Amino acid sequence: MKKTIQMLAIVAAIMLCFILFPSPVGEAEIYIEPTEVVIPTDAEPEEVEPYFPLTDEERELVERVVAAEARGEKIETQMAVAQTIMDRCTTRGQTVTQVCTAPYQFAAPYQGEISEKTQDAVRFVFDDGAKVFDKVTHFYASHLIDPPYWTESKEFKGEINGVSFYADR
């Protein structure tokens, strides 16, 4: 299935080149013989192990915390918040539930409907292993408040859309 899609993309790219950059020779014609592409409809999708497996309950908790912290932000910001949760789990040896429900660490889980963008952000980080930064363990809304005391002991990693991200040193 992957090879079929890749082949279609290559053929489309070549055809686009011929359209955008026609031959300088006026009478030259280029003909590409069409090929039949068969996409099986009964093919099983490849099973890929998630980068950081989550139970259904953990996934919902992470999505709700990301929504509470970054709902309405760009997907990169939401991914960085999700990565903060994952990186805390791995660096501190804690479960997702322990990290997400630790006192005074994250906003209370959002109780509304979770957007597709938030679900995608969590999936990209936890299932696919996507990272916005090499490691992040803290963040705050730098466009809303002054830097918290803890920023002095952390390594600044970057800012996305007015949210500053840090890591333990």
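Helix axes here are lines fitted to C-alpha atoms over the stretch in contact, and the angles run from 0 to 180 degrees between N-to-C directions. The model you're looking at is predicted, so local features need pLDDT of at least 70 and side-chain atom pairs count only at pLDDT 80 or more, while totals for chains, interfaces and linings use all residues. Residues are numbered from 1 along each chain as its sequence is written, and side-chain values use heavy atoms, with hydrogens and water left out.

Let's start with helix α3 (residues 75–92) and helix α5 (residues 116–127), whose axes come within 8 Å and cross at roughly 50°. That makes α3 oblique to α5; under 35 degrees would count as roughly parallel, over 145 as roughly antiparallel, 65 to 115 as roughly perpendicular, and the rest is oblique. Helices, by the way, are DSSP runs of H or I with at least four residues, strands are E runs with at least two, and both are numbered from the N terminus. α3 passes α5 in a right-handed crossing, the term for a near helix turned clockwise from the far one by less than a right angle (anticlockwise is left-handed). On the α3 side the contact (heavy atoms within 4.5 Å) includes Ile75, Met79 and Met86, and on the α5 side Val122, Phe124 and Val125 are among the residues. The contact splits into ten nonpolar, three polar and two charged residues, where Ala, Val, Leu, Ile, Met, Phe, Trp, Tyr, Cys and Pro are nonpolar, Asp, Glu, Lys and Arg are charged, and the others, Gly among them, are polar.

Now bring in helix α2 (residues 56–70), which packs against α3 at about 130° with the axes 9 Å apart. That makes α2 oblique to α3, and their crossing is right-handed. Val62, Val65, Val66, Glu69 and Ala70 of α2 meet Thr77, Gln78, Val81, Ala82 and Ile85 of α3. Sorted by type, that's seven nonpolar, two polar and one charged.

α2 also packs against α5, at an angle of about 120° and with the axes 9 Å apart. These two are therefore oblique to each other, and α2 passes α5 in a right-handed crossing. Arg59 and Glu63 are among the α2 residues here, with Arg123 and Asp127 among those from α5. This contact has five nonpolar, two polar and four charged residues.

Finally, take a look at the second largest pocket, with a volume of about 220 Å³. A pocket is an open set of points on a 1 Å grid over the protein atoms alone, where a 1.4 Å probe fits, with protein on both sides within 12 Å along at least five of seven lines; lining residues have an atom within 4 Å of a point. Grid points are joined across faces, edges and corners, and the volume is the space filled by probe spheres set on them. Glu69, Arg88 and Trp150 are among the lining residues, and strand β1 (residues 138–140) gives the largest share, three residues.
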